[in-house]
Amino acid sequence: MEFQSRSTPDALEVRLAGRLEFTDHDRLRDIIDALEGAKPRRFVLDLSTLEFIDSAGLGMLLILQEEAEQRNVKMIVSGPQGDVKRSIDLAKIGEIVTIEP
Amino acid sequence: MDTIPSPLRPFCVMRDRIPADMTARVAARFDVSGFDAVDDGSAAAWAEALLVERADRDRLREAFHRNPFLTVELGEGGDEPAALMEDWSGAPAVEPGFYLSLTTGTAYGLQCAVLVCDELTRRGALTAEHRPNVEMCLHEAIANAIVHGNLGISSAAKNQPDGYRVFGQMLRDRLGDPDIKRRRIDIFCRWNASTIAVAVVDQGSGFDSATTASATDGKARSGRGFVFMRALASRVAVTDGGRCTVLHFDV
(Lines give C-alpha, C1' and ligand atoms only; values in the text may rest on other atoms or scores of the structure.)
Protein backbone atom coordinates (compact mmCIF):
# COMPACT_ATOMS: atom_id res chain seq x y z
CA MET A 1 0.00 0.00 0.00
CA GLU A 2 1.16 3.53 -0.75
CA PHE A 3 -0.32 6.68 0.69
CA GLN A 4 -0.16 10.42 0.16
CA SER A 5 -1.15 12.95 2.78
CA ARG A 6 -2.26 16.54 2.43
CA SER A 7 -3.11 19.04 5.14
CA THR A 8 -5.82 21.66 4.81
CA PRO A 9 -6.60 24.32 7.45
CA ASP A 10 -8.78 21.93 9.46
CA ALA A 11 -8.17 18.46 8.05
CA LEU A 12 -5.58 15.84 7.29
CA GLU A 13 -6.40 13.98 4.10
CA VAL A 14 -4.68 10.66 3.48
CA ARG A 15 -5.22 8.89 0.17
CA LEU A 16 -4.41 5.16 0.10
CA ALA A 17 -3.49 3.36 -3.12
CA GLY A 18 -2.94 -0.28 -4.02
CA ARG A 19 -3.64 -3.01 -1.47
CA LEU A 20 -4.13 -2.62 2.28
CA GLU A 21 -3.37 -5.99 3.82
CA PHE A 22 -1.68 -7.91 6.60
CA THR A 23 1.80 -6.94 5.44
CA ASP A 24 1.07 -3.21 5.92
CA HIS A 25 1.32 -2.73 9.68
CA ASP A 26 4.39 -0.54 9.27
CA ARG A 27 2.51 1.73 6.89
CA LEU A 28 -0.20 2.05 9.50
CA ARG A 29 2.40 3.37 11.89
CA ASP A 30 3.43 5.97 9.30
CA ILE A 31 -0.17 7.15 8.92
CA ILE A 32 -0.62 7.44 12.68
CA ASP A 33 2.63 9.42 12.87
CA ALA A 34 1.21 11.77 10.22
CA LEU A 35 -1.97 12.13 12.26
CA GLU A 36 0.06 12.88 15.37
CA GLY A 37 2.11 15.51 13.57
CA ALA A 38 -0.75 17.30 11.82
CA LYS A 39 -3.10 17.61 14.83
CA PRO A 40 -6.13 18.24 12.58
CA ARG A 41 -9.79 18.62 13.52
CA ARG A 42 -10.82 16.13 10.87
CA PHE A 43 -9.05 13.12 9.41
CA VAL A 44 -10.23 12.07 5.93
CA LEU A 45 -9.12 8.64 4.76
CA ASP A 46 -9.62 8.59 1.00
CA LEU A 47 -10.01 5.01 -0.27
CA SER A 48 -11.05 5.91 -3.82
CA THR A 49 -7.80 4.55 -5.29
CA LEU A 50 -7.49 1.58 -2.96
CA GLU A 51 -7.93 -1.66 -4.92
CA PHE A 52 -8.05 -4.33 -2.22
CA ILE A 53 -8.49 -4.58 1.53
CA ASP A 54 -8.32 -7.74 3.63
CA SER A 55 -9.59 -8.45 7.13
CA ALA A 56 -6.33 -7.19 8.65
CA GLY A 57 -6.73 -3.97 6.64
CA LEU A 58 -10.26 -3.54 7.98
CA GLY A 59 -8.83 -3.97 11.47
CA MET A 60 -6.40 -1.17 10.62
CA LEU A 61 -9.31 1.14 9.78
CA LEU A 62 -10.66 0.50 13.27
CA ILE A 63 -7.25 1.14 14.83
CA LEU A 64 -7.06 4.44 12.92
CA GLN A 65 -10.51 5.35 14.19
CA GLU A 66 -9.43 4.68 17.78
CA GLU A 67 -6.22 6.65 17.32
CA ALA A 68 -8.24 9.57 15.90
CA GLU A 69 -10.77 9.42 18.77
CA GLN A 70 -7.98 9.48 21.32
CA ARG A 71 -6.89 12.79 19.79
CA ASN A 72 -10.45 14.16 19.58
CA VAL A 73 -10.22 14.02 15.79
CA LYS A 74 -13.22 13.05 13.63
CA MET A 75 -12.29 10.33 11.13
CA ILE A 76 -14.15 9.97 7.85
CA VAL A 77 -13.58 7.20 5.34
CA SER A 78 -14.39 8.37 1.84
CA GLY A 79 -14.93 6.88 -1.59
CA PRO A 80 -14.42 3.11 -1.21
CA GLN A 81 -14.92 1.38 -4.55
CA GLY A 82 -15.48 -2.11 -5.92
CA ASP A 83 -14.01 -4.96 -3.89
CA VAL A 84 -12.97 -2.57 -1.11
CA LYS A 85 -16.53 -1.33 -0.69
CA ARG A 86 -17.82 -4.89 -0.76
CA SER A 87 -15.46 -5.96 2.04
CA ILE A 88 -16.32 -2.91 4.14
CA ASP A 89 -20.02 -3.69 3.72
CA LEU A 90 -19.55 -7.39 4.46
CA ALA A 91 -17.75 -6.61 7.72
CA LYS A 92 -20.32 -3.91 8.58
CA ILE A 93 -17.55 -1.39 9.19
CA GLY A 94 -20.04 1.36 8.40
CA GLU A 95 -21.74 0.72 11.75
CA ILE A 96 -18.59 1.85 13.51
CA VAL A 97 -16.83 4.21 11.14
CA THR A 98 -18.30 7.19 9.26
CA ILE A 99 -18.18 6.34 5.57
CA GLU A 100 -18.95 8.80 2.77
CA PRO A 101 -19.46 7.72 -0.84
CA MET B 1 6.80 -18.78 -23.56
CA ASP B 2 4.85 -21.62 -25.16
CA THR B 3 2.90 -23.81 -22.82
CA ILE B 4 3.39 -27.57 -22.91
CA PRO B 5 0.00 -29.22 -22.53
CA SER B 6 1.01 -32.71 -21.48
CA PRO B 7 -0.80 -34.54 -18.70
CA LEU B 8 1.97 -37.13 -18.78
CA ARG B 9 4.47 -34.60 -17.56
CA PRO B 10 3.09 -33.28 -14.32
CA PHE B 11 6.20 -31.74 -12.90
CA CYS B 12 7.88 -28.57 -14.01
CA VAL B 13 11.37 -28.49 -15.43
CA MET B 14 13.41 -25.73 -13.89
CA ARG B 15 16.81 -27.30 -13.46
CA ASP B 16 19.24 -29.32 -15.50
CA ARG B 17 19.47 -32.31 -13.24
CA ILE B 18 17.72 -33.72 -10.20
CA PRO B 19 19.57 -36.05 -7.82
CA ALA B 20 18.39 -39.65 -8.05
CA ASP B 21 17.52 -39.87 -4.35
CA MET B 22 15.26 -36.85 -4.68
CA THR B 23 13.59 -38.37 -7.69
CA ALA B 24 12.85 -41.46 -5.63
CA ARG B 25 11.39 -39.41 -2.80
CA VAL B 26 9.12 -37.46 -5.12
CA ALA B 27 7.95 -40.68 -6.69
CA ALA B 28 7.15 -42.19 -3.30
CA ARG B 29 5.55 -39.07 -1.92
CA PHE B 30 3.32 -38.17 -4.80
CA ASP B 31 2.51 -41.56 -6.19
CA VAL B 32 3.56 -40.74 -9.72
CA SER B 33 3.68 -44.36 -10.83
CA GLY B 34 0.94 -43.65 -13.34
CA PHE B 35 3.01 -41.10 -15.16
CA ASP B 36 5.36 -42.28 -17.86
CA ALA B 37 8.73 -40.74 -18.43
CA VAL B 38 8.85 -38.50 -21.46
CA ASP B 39 11.25 -39.89 -24.01
CA ASP B 40 13.49 -36.89 -24.54
CA GLY B 41 16.78 -38.54 -23.71
CA SER B 42 16.71 -37.78 -20.00
CA ALA B 43 15.90 -40.13 -17.20
CA ALA B 44 12.71 -39.71 -15.17
CA ALA B 45 11.63 -36.63 -17.06
CA TRP B 46 8.51 -36.20 -14.95
CA ALA B 47 10.65 -35.35 -11.96
CA GLU B 48 13.06 -32.97 -13.57
CA ALA B 49 11.85 -29.83 -12.16
CA LEU B 50 9.44 -28.62 -9.66
CA LEU B 51 12.27 -26.79 -8.02
CA VAL B 52 12.48 -23.05 -8.08
CA GLU B 53 15.26 -21.48 -6.11
CA ARG B 54 14.36 -18.27 -4.29
CA ALA B 55 11.02 -17.95 -5.95
CA ASP B 56 9.67 -14.60 -6.98
CA ARG B 57 6.53 -13.81 -8.87
CA ASP B 58 8.11 -13.91 -12.32
CA ARG B 59 9.92 -17.21 -11.74
CA LEU B 60 6.78 -18.80 -10.38
CA ARG B 61 4.76 -17.63 -13.38
CA GLU B 62 7.46 -19.05 -15.62
CA ALA B 63 7.26 -22.34 -13.77
CA PHE B 64 3.46 -22.43 -13.96
CA HIS B 65 3.58 -21.84 -17.69
CA ARG B 66 5.19 -25.25 -18.05
CA ASN B 67 1.96 -26.70 -16.70
CA PRO B 68 3.48 -28.56 -13.78
CA PHE B 69 1.47 -30.39 -11.21
CA LEU B 70 3.94 -29.56 -8.48
CA THR B 71 6.04 -26.44 -8.05
CA VAL B 72 8.32 -26.34 -5.02
CA GLU B 73 10.55 -23.52 -3.90
CA LEU B 74 13.80 -24.65 -2.37
CA GLY B 75 14.73 -23.30 1.02
CA GLU B 76 17.90 -21.36 1.65
CA GLY B 77 21.13 -23.30 1.72
CA GLY B 78 20.62 -25.65 -1.21
CA ASP B 79 19.43 -28.52 0.96
CA GLU B 80 17.48 -30.00 -1.90
CA PRO B 81 16.89 -33.54 -0.67
CA ALA B 82 15.89 -32.18 2.74
CA ALA B 83 13.37 -29.87 1.11
CA LEU B 84 11.51 -32.84 -0.27
CA MET B 85 11.56 -34.68 3.04
CA GLU B 86 9.69 -31.92 4.79
CA ASP B 87 6.15 -32.51 5.77
CA TRP B 88 4.29 -30.75 3.04
CA SER B 89 1.21 -32.81 3.17
CA GLY B 90 1.93 -35.22 0.37
CA ALA B 91 -0.93 -35.81 -2.00
CA PRO B 92 -1.46 -37.98 -5.05
CA ALA B 93 -0.85 -36.26 -8.33
CA VAL B 94 -4.25 -35.50 -9.76
CA GLU B 95 -5.36 -33.87 -12.95
CA PRO B 96 -6.66 -31.31 -13.09
CA GLY B 97 -4.88 -29.72 -10.20
CA PHE B 98 -1.64 -28.19 -9.08
CA TYR B 99 0.41 -27.91 -5.95
CA LEU B 100 2.60 -24.99 -4.91
CA SER B 101 5.04 -25.18 -2.00
CA LEU B 102 6.73 -21.97 -0.85
CA THR B 103 8.83 -20.93 2.11
CA THR B 104 7.18 -18.46 4.45
CA GLY B 105 9.81 -15.84 3.70
CA THR B 106 8.81 -15.91 0.04
CA ALA B 107 5.08 -16.26 0.54
CA TYR B 108 5.00 -13.15 2.75
CA GLY B 109 4.46 -10.18 0.49
CA LEU B 110 4.18 -12.26 -2.69
CA GLN B 111 0.38 -11.90 -2.93
CA CYS B 112 0.06 -15.65 -3.36
CA ALA B 113 -3.72 -15.50 -3.73
CA VAL B 114 -3.38 -13.34 -6.84
CA LEU B 115 -0.75 -15.67 -8.26
CA VAL B 116 -2.82 -18.80 -7.61
CA CYS B 117 -6.03 -17.24 -8.97
CA ASP B 118 -4.14 -16.14 -12.09
CA GLU B 119 -3.04 -19.73 -12.54
CA LEU B 120 -6.53 -21.15 -11.89
CA THR B 121 -7.81 -18.71 -14.53
CA ARG B 122 -5.05 -19.60 -16.99
CA ARG B 123 -5.88 -23.29 -16.62
CA GLY B 124 -9.55 -22.62 -17.24
CA ALA B 125 -10.79 -23.47 -13.75
CA LEU B 126 -11.81 -19.99 -12.57
CA THR B 127 -14.06 -17.45 -14.27
CA ALA B 128 -14.07 -13.69 -13.73
CA GLU B 129 -17.47 -14.05 -12.07
CA HIS B 130 -16.15 -16.25 -9.26
CA ARG B 131 -12.69 -14.79 -8.91
CA PRO B 132 -13.35 -12.06 -6.31
CA ASN B 133 -14.76 -14.56 -3.79
CA VAL B 134 -12.08 -17.17 -4.42
CA GLU B 135 -9.25 -14.64 -4.24
CA MET B 136 -10.54 -13.05 -1.04
CA CYS B 137 -11.00 -16.38 0.75
CA LEU B 138 -7.68 -17.71 -0.45
CA HIS B 139 -5.94 -14.52 0.64
CA GLU B 140 -7.42 -14.83 4.14
CA ALA B 141 -6.48 -18.50 4.44
CA ILE B 142 -2.91 -17.80 3.31
CA ALA B 143 -2.58 -14.77 5.60
CA ASN B 144 -3.72 -16.91 8.55
CA ALA B 145 -1.32 -19.70 7.59
CA ILE B 146 1.60 -17.27 7.40
CA VAL B 147 0.91 -15.03 10.40
CA HIS B 148 -0.85 -17.26 12.91
CA GLY B 149 0.49 -20.58 11.59
CA ASN B 150 4.12 -20.43 10.56
CA LEU B 151 5.06 -17.15 12.25
CA GLY B 152 3.13 -18.16 15.37
CA ILE B 153 1.76 -14.68 16.12
CA SER B 154 -1.57 -14.39 17.90
CA SER B 155 -4.04 -11.65 16.99
CA ALA B 156 -4.20 -10.92 20.71
CA ALA B 157 -0.97 -9.00 20.18
CA LYS B 158 -3.06 -6.27 18.55
CA ASN B 159 -5.43 -5.94 21.47
CA GLN B 160 -3.27 -3.76 23.66
CA PRO B 161 -2.14 -0.14 23.61
CA ASP B 162 0.12 0.35 20.61
CA GLY B 163 -0.75 -3.22 19.64
CA TYR B 164 -0.17 -2.59 15.95
CA ARG B 165 3.42 -1.56 16.69
CA VAL B 166 3.96 -4.69 18.76
CA PHE B 167 2.38 -6.79 16.03
CA GLY B 168 4.56 -5.18 13.33
CA GLN B 169 7.68 -5.76 15.39
CA MET B 170 6.75 -9.41 15.98
CA LEU B 171 6.30 -9.88 12.23
CA ARG B 172 9.75 -8.43 11.55
CA ASP B 173 11.35 -10.49 14.29
CA ARG B 174 9.86 -13.79 13.17
CA LEU B 175 10.60 -13.15 9.50
CA GLY B 176 14.20 -12.53 10.53
CA ASP B 177 14.51 -16.01 12.04
CA PRO B 178 15.90 -18.40 9.38
CA ASP B 179 14.24 -21.47 10.91
CA ILE B 180 10.84 -19.80 10.96
CA LYS B 181 11.27 -18.20 7.55
CA ARG B 182 11.84 -21.55 5.85
CA ARG B 183 8.65 -23.15 7.18
CA ARG B 184 6.43 -24.10 4.28
CA ILE B 185 3.14 -22.83 2.99
CA ASP B 186 1.57 -25.40 0.69
CA ILE B 187 -1.33 -24.58 -1.59
CA PHE B 188 -3.08 -27.46 -3.30
CA CYS B 189 -5.73 -26.75 -5.94
CA ARG B 190 -7.98 -29.20 -7.71
CA TRP B 191 -11.21 -28.77 -9.56
CA ASN B 192 -13.93 -30.37 -11.64
CA ALA B 193 -16.87 -29.02 -13.63
CA SER B 194 -18.81 -27.96 -10.54
CA THR B 195 -16.31 -27.28 -7.74
CA ILE B 196 -12.93 -25.71 -7.04
CA ALA B 197 -11.20 -26.94 -3.88
CA VAL B 198 -8.14 -25.22 -2.45
CA ALA B 199 -6.22 -26.46 0.59
CA VAL B 200 -3.78 -24.17 2.40
CA VAL B 201 -1.39 -25.97 4.74
CA ASP B 202 1.11 -24.52 7.18
CA GLN B 203 3.68 -25.95 9.59
CA GLY B 204 2.62 -24.01 12.67
CA SER B 205 1.19 -25.16 15.96
CA GLY B 206 -2.40 -25.26 14.79
CA PHE B 207 -5.40 -23.82 16.59
CA ASP B 208 -8.89 -24.76 17.76
CA SER B 209 -11.13 -23.90 14.81
CA ALA B 210 -14.18 -23.89 17.10
CA THR B 211 -12.91 -20.62 18.57
CA THR B 212 -13.06 -18.70 15.29
CA ALA B 213 -15.69 -16.02 15.06
CA SER B 214 -18.77 -16.92 13.07
CA ALA B 215 -20.00 -13.35 12.78
CA THR B 216 -18.46 -9.93 12.64
CA ASP B 217 -17.70 -8.87 16.17
CA GLY B 218 -18.20 -5.11 16.25
CA LYS B 219 -15.02 -3.23 16.99
CA ALA B 220 -12.71 -6.26 17.24
CA ARG B 221 -9.43 -5.61 15.49
CA SER B 222 -9.14 -9.19 14.26
CA GLY B 223 -11.11 -12.37 13.62
CA ARG B 224 -12.82 -11.33 10.39
CA GLY B 225 -10.80 -13.66 8.17
CA PHE B 226 -12.92 -16.69 8.96
CA VAL B 227 -16.07 -14.57 8.82
CA PHE B 228 -15.15 -13.69 5.24
CA MET B 229 -14.29 -17.25 4.32
CA ARG B 230 -17.53 -18.63 5.76
CA ALA B 231 -19.56 -15.93 4.01
CA LEU B 232 -17.92 -16.19 0.60
CA ALA B 233 -16.89 -19.84 0.18
CA SER B 234 -19.41 -22.61 -0.37
CA ARG B 235 -17.78 -24.71 2.36
CA VAL B 236 -14.84 -24.24 4.74
CA ALA B 237 -13.16 -27.10 6.56
CA VAL B 238 -10.28 -26.92 9.01
CA THR B 239 -8.29 -30.09 9.52
CA ASP B 240 -4.94 -31.26 10.87
CA GLY B 241 -5.44 -29.47 14.19
CA GLY B 242 -5.86 -26.12 12.48
CA ARG B 243 -2.91 -26.43 10.14
CA CYS B 244 -4.98 -27.08 7.02
CA THR B 245 -7.84 -24.94 5.73
CA VAL B 246 -9.82 -26.35 2.82
CA LEU B 247 -12.02 -24.01 0.82
CA HIS B 248 -14.67 -25.29 -1.56
CA PHE B 249 -16.35 -23.11 -4.16
CA ASP B 250 -19.33 -24.23 -6.20
CA VAL B 251 -18.86 -22.80 -9.67
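**Close-up views of a predicted model**

**View 1. B:Glu135 and B:Arg131 form a salt bridge, their closest N and O atoms 2.9 Å apart.** The model is predicted. Both residues belong to helix α6 (residues 131-150) of chain B. They sit four residues apart, about one turn of the helix. Through shared partners, salt bridges link B:Arg131 and B:Glu135 with A:Arg19, A:Glu21, B:Arg61 and B:Asp118 in one network.

**View 2. A salt bridge joins the side chains of A:Arg15 and A:Asp46.** The N to O distance is 3.1 Å. A:Arg15 is in strand β2 (residues 11-20) of chain A and A:Asp46 in strand β3 (residues 42-53) of chain A, so the pair ties together parts 31 residues apart in sequence. A:Arg15 is partly exposed, at 41% relative accessible area. A:Asp46 is buried, at 15%.

**View 3. A:Asp26 pairs with B:Arg172 in a salt bridge.** Their closest N and O atoms are 2.5 Å apart. A:Asp26 lies in helix α1 (residues 25-38) of chain A and B:Arg172 in helix α7 (residues 163-175) of chain B, so this pair joins two chains. A:Asp26 is partly exposed, with a relative accessible area of 28%. B:Arg172 is also partly exposed, at 33%.

**View 4. Helix α3 (residues 82-90) of chain A packs with helix α9 (residues 224-232) of chain B.** The angle is about 105 degrees and the axes are 11 Å apart. α3(A) is therefore roughly perpendicular to α9(B). A:Arg86, A:Ser87 and A:Leu90 of α3(A) make the contact with B:Phe228, B:Ala231 and B:Leu232 of α9(B). By class, four of the contact residues are nonpolar, one is polar and one is charged.

Conventions: Residues are numbered from 1 along each chain as its sequence is written. Chains are lettered from A and ligands numbered from 1 in the order in which they are written. This is a predicted model: local features need pLDDT of at least 70, side-chain atom pairs count only at pLDDT 80 or more; totals for chains, interfaces and linings use all residues. Side-chain values use heavy atoms; hydrogens and water are left out. Axes are lines fitted to C-alpha atoms, for helices over the stretch in contact, and angles run from 0 to 180 degrees between N-to-C directions. Angles under 35 degrees count as roughly parallel, over 145 as roughly antiparallel, 65 to 115 as roughly perpendicular and the rest as oblique. Contact means heavy atoms within 4.5 Å. Ala, Val, Leu, Ile, Met, Phe, Trp, Tyr, Cys and Pro count as nonpolar, Asp, Glu, Lys and Arg as charged, and the others, Gly among them, as polar. A salt bridge is a side-chain nitrogen of Lys or Arg within 4 Å of a carboxyl oxygen of Asp or Glu. Buried means under 20% relative accessible area, exposed over 50%, partly exposed in between (1.4 Å probe, protein chains only).
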